[in-house]
Structures are given as structure tokens and as C-alpha cells.
Amino acid sequence: MNNSRLFKKTLLAVTIATTSIASQQAMAAGFQLNAQSATGIGRAFAGDAVIADNASVMARNPAAMALFDKMELSLGFESITTMIEVKDAEYRSAGLAPGSIVTNKTDVPDTDDVGTTSIAPNIHLIVPVNDQFAWGVNAYSNFGTKTEFSDDYIASEYGGLTDVKSFNFGLAGSYRLNEQWSFGAGLDLIYGQGTMKRTGSELLLSGRGQDLLNVDKADGFAVGFNVGTVFELDENNRFGFSYRYSPEFEAKDDKGQKITLPLPDIAEFSGYHKIEDTKFAVHYSVQYIGWGSFDKIKFRDLDASTSPVGGTEGSYDKEYEWQDGWHYAIGGTYYLNNDWTLRAGYMYDTSAQDNLTSISVPDSDRQWFSTGFTYHIDSASNVDFGFTYLLGDDVKVDESTPTELPAFLGGATIEGSGISATTRANAILVGLQYSRSF
């Protein structure tokens with residue numbers, strides 16, 4: 001295999017992996033997005049699997065649909081503004097010198113314009129059938145952001161364009177066993193779409209100036225499920241637990257490139273407690289995200305005539321070795337009067353990445369600082385607003401790409417290029433939502 005082919009093959013797998021996960025890096029650890037409701041954004045999603053103040057709760061726990069005795073509709077959107085900084089970067093590239101290979105080092109200017117603003121819509125409908133049964137449907141965006149480095153970014157094989165969207169279409173049902181226990185289950189149809197572009201740096205020994213990856217709107221479907229339960233101690237105290245199974249996700253583009261991406265299972269425990277004879281309630285959540293399953297990305301070229309890995313049909317696996325993640329959230333709600341409800345919350349969100357990092361995936365432990373309110377238009381309808389400032393940590397990154405030397409230079413595999421840098425990803429989430437009971 002020549003050096004250009006190996007370089008392209010490696011970059012393709014790296015880029016597909018970072019593309020899939022860069023879409024969410026400023027919203028939650030790994031590529032998980034919390035954007036099911038403006039209400040949740042306003043309390044850092046603390047207690048969201050059991051509070052059930054509008055129909056959006058079915059996205060976190062299908063059993064909570066049993067807490068409604070009227071048909072409920074919620075629809076809204078969230079805007080996600082990512083602020084990604086790459087600083088103190090040094091780019092390394094292999095070069096030829098008389099009788100030897102040398103490593104050239106170039107300082108890379110700091111950049112803070114990688115992130116953008118994206119919109120994630122949602123709609124949720126819960127329909128009680130009788131005192132025991134309810135069903136519901138919903139649709140919301142799992143992914144919905146874009147990262148784009150400038151065309152003149154020196155380390156262009158590590159930057160480029162990443163634009164990923166996914167949509168979850170859910171159908172769920174709940175059953176009330178008695179006054180304390182309720183159970184629920186649902187199916188999720190997930191549709192995903194991604195555009196990814198990477199170009200070889202002008203400083204590369206091989207692959208210079210070439211399109212290393214140009215995937216336009218790769219898409220596909222996957223099916224998952226979720227189950228949950230609610231326990232009501234009394235009218236002021238209740239607990240919820242839910243589990244969501246996420247499948248491997250496959251996407252394919254028109255050029256015959258197929259990507260298999262393992263998604264994490266999620267388990268969440270929530271509690272809600274309204275303090276008796278007051279207007280105040282406290283709520284909390286602990287969420288487990290099984291990022292340990294994200295061990296590698298599988299890539300396969302189905303069409304050898306358009307293969308970006310050298311014109312041969314084949315497969316490649318890219319190791320990622322992520323670790324399981326956790327969310328810890330606590331919040332409070334103040335029922336001011338019949339017109340206004342105020343809320344706030346805090347979440348600590350642990351990073352999914354362990355030893356392997358990337359400038360395209362500035363993942364780190366994160367803190368959520370959230371506030372919001374509900375304005376009750378009348379007894380049957382209300383408007384929610386939520387705001388979150390998400391603060392990430394500085395992360396030291398060092399990544400590289402191998403290339404194979406031609407036979408006359410010994411045929412060894414060396415570092416074709418590499419980059420070291422410090423990354424940080426912050427974000428602002430704003431949600432607006434309308435809810436109505438019928």
C-alpha cells in the first residue's frame with residue numbers, strides 16, 4: 001500500500017469518528033444531546049424523568065405519562081450556540097531531507113470560531129385512554145450542531161467541516177398498576193444525517209491538498225427502545241427510573257461508504273419532593289451513559305470505484321476506547337403564584353473520553369448553570385423559557401496520523417502529521433416551549 005493510500009485510509013476512519021461525535025461535544029459529554037424541552041434546560045434536567053410538568057417527560061421516562069389525566073401537547077425548540085477554542089497548537093509534518101526524513105513543526109494560530117448556532121425542535125403528545133392506560137408520540141433532535149474550521153487552517157486534515165443531525169421519532173405507552181406504581185415502554189426510530197469534509201494540509205508529505213474525505217449527507221435509520229417506572233410515595237414525593245437501549249447506528253452515502261457507530265445505553269434515576277406547606281420543590285437526577293461501548297468505529301467501502309481509501313473495497317476499524325459517563329443534577333422549583341413558576345439547576349457532566357482526544361472533539365468534564373420560568377397563560381396552557389450556560393475544561397490534545405514511506409526510503413511507517421493543542425468547549429442553550437392540556 002502506498003503512503004497516500006494509508007494516509008487517506010487512516011484519516012477517513014478518524015474523521016468519521018470525530019464527525020459523529022463532534023456534533024454534540026459542547027452540549028454533553030461524548031455526543032449526547034439534552035434538548036428535549038425548554039423546561040429541562042431551565043433546571044439542568046434535574047428530576048426530568050419524574051417531574052411531569054408537561055408532555056416532554058415522555059422523552060425521559062415513558063412511565064411518567066401515567067401522571068396525566070388529560071391529553072397533553074408540548075412543542076418548542078432549543079438553540080445551541082457552541083463556543084469552541086483551539087489554542088497553543090503546534091502542527092507536525094514529515095518532510096524529506098537529503099538522505100533522511102525530518103519533522104517540521106509549525107505554530108498554529110489560535111482559533112475560537114469553530115462552533116456555530118443550531119436549532120433543535122421538539123414535539124410531544126400524551127393521550128390518556130382511561131385511568132390505567134396512556135399512549136404518546138414524540139419527535140425531537142438528538143444531534144443538531146456544526147463545527148467548521150476555516151479553509152486556511154494549517155492542520156486541515158484535523159479540522160474541516162462537520163455537520164451532523166439526527167432525529168428521534170418515538171411511540172410509547174404507560175400502565176398504572178396502582179396508586180404508587182406505574183410502568184411504561186416505548187420504541188425509538190432514529191434517523192441520522194451527516195456531512196464531513198477533510199483536506200490534506202499543504203505541509204503534508206503525502207495527501208497534500210487532496211480531499212481526504214468528502215462525505216455528503218450520509219444517512220441511515222436505527223431502532224431502539226426505552227422502559228421506565230414511577231413510584232409515588234404521596235402527592236408531594238415521587239421517584240422515577242428509566243433505561244434506554246441504543247443500537248449500533250449505520251449510515252451510508254451515495255459513494256458507497258458505510259459507517260457503523262455504536263451508541264450508548266442510558267439509565268436515569270430521578271426524584272421530586274415538594275416541601276409541604278411551601279411553594280418550593282427540590283429535584284435531582286443521576287444518569288449513567290454507557291460510553292464504554294464506544295470502543296471503535298467500523299468503516300467499509302462498498303463501492304471500490306469511488307473508494308477514498310485507494311480504490312479498493314475493504315474495511316477499517318478506528319479504536320476510541322471511551323469510558324462510561326455520568327450526569328449529576330440538582331435543581332429547585334419555586335411556584336410563585338398562579339401565573340409564574342421559577343426554576344434553576346446545576347449539573348456536573350463527566351467526560352466520555354479517556355486517553356484518546358481530538359481537536360475536533362473537545363470533550364471534557366462540564367458544568368451546567370441553568371435557570372428558567374413558566375408563564376401560565378391560563379389554566380390549560382403555558383409558555384416555558386430555559387437558559388443554560390455550559391462551562392467546559394481545558395483539555396490537552398495530541399493526535400497523529402501514520403503514513404507509509406515508499407520502498408526507496410525504507411518502507412517504514414512513520415508519523416505523517418500530528419497536532420498538539422489545548423481545547424475548550426463552552427455553550428449556551430436557550431429553549432422556548434408551548435404546552436397545552438385538552
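Trainee: Quick one on Phe-45: buried or exposed?
Mentor: Phe-45 is buried, with a relative accessible area of 1%. Buried is under 20%, exposed is over 50% and partly exposed is in between, using a 1.4 Å probe and protein chains only. Bear in mind that this is a predicted model, where local features need pLDDT of at least 70, side-chain atom pairs count only at pLDDT 80 or more, and totals for chains, interfaces and linings use all residues. Residues are numbered from 1 along each chain as its sequence is written, and side-chain values use heavy atoms, with hydrogens and water left out.

Trainee: Got it. Where does Phe-45 sit?
Mentor: Look in the loop between α2 and β1 for Phe-45. Helices are DSSP runs of H or I with at least four residues, strands are E runs of at least two, and both are numbered from the N terminus.

Trainee: And what's phi doing at Phe-45?
Mentor: Phi there is near 60°, a positive value in a residue other than glycine. Ala-44 also has a positive phi, near 55°.

Trainee: Is Ala-44 buried or exposed, then?
Mentor: Ala-44 counts as buried, because its relative accessibility is 0%. Ala-44 lies in the loop between α2 (38–41) and β1 (72–97).

Trainee: New topic: what volume does the largest pocket have?
Mentor: About 720 Å³. A pocket here is an open set of points on a 1 Å grid over the protein atoms alone, where a 1.4 Å probe fits, with protein on both sides within 12 Å along at least five of seven lines. The volume is the space filled by probe spheres set on the points, which are joined across faces, edges and corners.

Trainee: Which residues lie nearest the centre of that pocket?
Mentor: Ala-52, Asp-53, Asn-54, Phe-68 and His-376, out of 28 residues lining the largest pocket. Lining residues have an atom within 4 Å of a point.

Trainee: Which strands each supply at least two residues of the lining?
Mentor: That would be β16 (340–349), β17 (366–378), β18 (381–392) and β20 (413–437).

Trainee: I'm looking at β20 now. What about Tyr-434?
Mentor: Tyr-434 lies in strand β20. It's partly exposed, at 30% relative accessible area.

Trainee: Last one: where is Ser-379?
Mentor: Ser-379 is in the loop between β17 and β18, and it counts as exposed because its relative accessible area is 81%.

Trainee: How far apart are Ser-379 and Ser-437?
Mentor: In sequence, 58 residues; in space, 8.7 Å from C-alpha to C-alpha.
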